[in-house]
Amino acid sequence: MQPGYNSISSVDEKMMARTLAYANAALDKGSVGIAALLSRRDEILDLEHNQFQETRDAIDHAEMVVLRRMARYLSQLSEEEKRELTLYSSLEPCLMCMAAISFAGLKRVVFSAYNADGTDEVTVARGLTSEQVNQALTRGPLTLLGGVQREEGREILARMGKLRASVPAD
Ligand SMILES: [Zn+2]
């Protein structure tokens with residue numbers, strides 16, 4: 001296990017800044033402002049945004065697009081090598097993406113805004129946190145590190161008109 005596996009490193013901060021900038025750029029172009037980045041140690045393997053505006057495919061979440069595109073690469077990695085991977089998302093992954101991430105054998109997820117920061121439209125499993133989903137419903141459990149550069153993530157939700165007016169207490 002790498003140092004900092006369960007905490008946020010300067011590489012994580014850099015990767016998240018890239019992810020959030022990409023989400024903002026997607027939004028500028030009229031796409032959905034949610035982005036995901038896959039890294040191996042400090043190398044970026046893939047970076048993409050939610051493709052719904054382009055494909056009208058409701059399951060084209062940013063994480064799903066990245067996982068599909070990297071599928072062949074991921075299938076060739078050992079379990080140990082997969083521990084060098086981190087998936088970054090500008091928004092807490094939904095149920096579908098959490099399951100897909102765990103099926104792909106990834107172990108570590110870092111995200112910015114929480115689902116609870118968003119409106120009901122953003123919330124996928126009402127009343128469940130990703131921690132609860134992680135424990136009960138995935139092959140994981142995944143190491144989940146949320147709220148990284150959360151204000152920037154919340155600003156993107158606000159730009160999409162999907163920021164909840166008040167933040168519920170945890
Ligand atoms: Zn998703």
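In the predicted model, helix 1 and helix 8 are roughly parallel to each other, because the angle between them falls under 35 degrees. Helix 1 covers residues 10-28 and helix 8 covers residues 150-159. The two pack at an angle of about 10 degrees, and their axes lie 10 Å apart. On the side of helix 1, the contact is made by Leu 20, Ala 23, Asn 24 and Leu 27. These residues meet Glu 152, Gly 153, Ile 156 and Arg 159 of helix 8. An α-helix has 3.6 residues a turn, so residues three or four places apart point the same way.

The protein chain as a whole contains 8 helices and 5 strands. Read from the N terminus, the order of elements is α-β-β-α-α-α-α-β-α-β-α-β-α. A compact globule of 170 residues would have a radius of gyration near 15 Å, and the value of 15 Å computed for the protein chain agrees with this. Along the principal axes, the C-alpha atoms fill a box of roughly 45 × 35 × 30 Å. Buried residues make up 38% of the 170 residues in the protein chain. Of the contacts between residues at least 6 apart in sequence, 63% join residues at least 24 apart.

Strand 1 (35-40) is mostly covered, with 5 of its 6 residues buried. This strand is paired with both strand 2 and strand 3. Strand 1 and strand 2 run antiparallel and are joined by 6 bridges; within this pair, Leu 37 stands opposite Leu 47 in strand 2. Strand 1 and strand 3 also run antiparallel, here with 5 bridges, and Ser 39 stands opposite Thr 86 in strand 3. In a regular strand the side chains alternate between the two faces of the sheet.

Helix 3, formed by residues 62-69, is likewise mostly covered: 6 of its 8 residues are buried. The buried residues are Ala 62, Glu 63, Met 64, Val 65, Val 66 and Leu 67, Glu 63 being charged by residue type. Their packing partners include strand 1, strand 2 (43-49) and strand 3 (85-91). They also pack against helix 4 (71-75) and helix 6 (95-103).

Most residues other than glycine have a negative phi, and most peptide bonds are trans. Arg 41 is not a glycine, yet has a positive phi of about 50 degrees. Arg 41 lies in the loop between strand 1 and strand 2, a hairpin with 2 residues between the strands. Arg 41 is exposed, because 9 other C-beta atoms lie within 10 Å, and a count of 12 or fewer places a residue in that class.

How values were computed
Residues numbered from 1 in each chain as written. Predicted model: local features only at pLDDT ≥ 70, side-chain atom pairs only at ≥ 80, totals over all residues. Buried ≥ 20, exposed ≤ 12 C-beta atoms within 10 Å, placed from the backbone. Helix = DSSP H or I, 4+ residues; strand = E, 2+ residues; numbered from the N terminus. Contact = placed C-beta atoms within 7 Å. Rg over C-alpha atoms; globule rule 2.2 N^0.38 Å. Pairing = 2+ DSSP bridges. Axes fitted to C-alpha atoms, helices over the stretch in contact; angles between N-to-C directions. Parallel < 35°, antiparallel > 145°, perpendicular 65-115°, else oblique.
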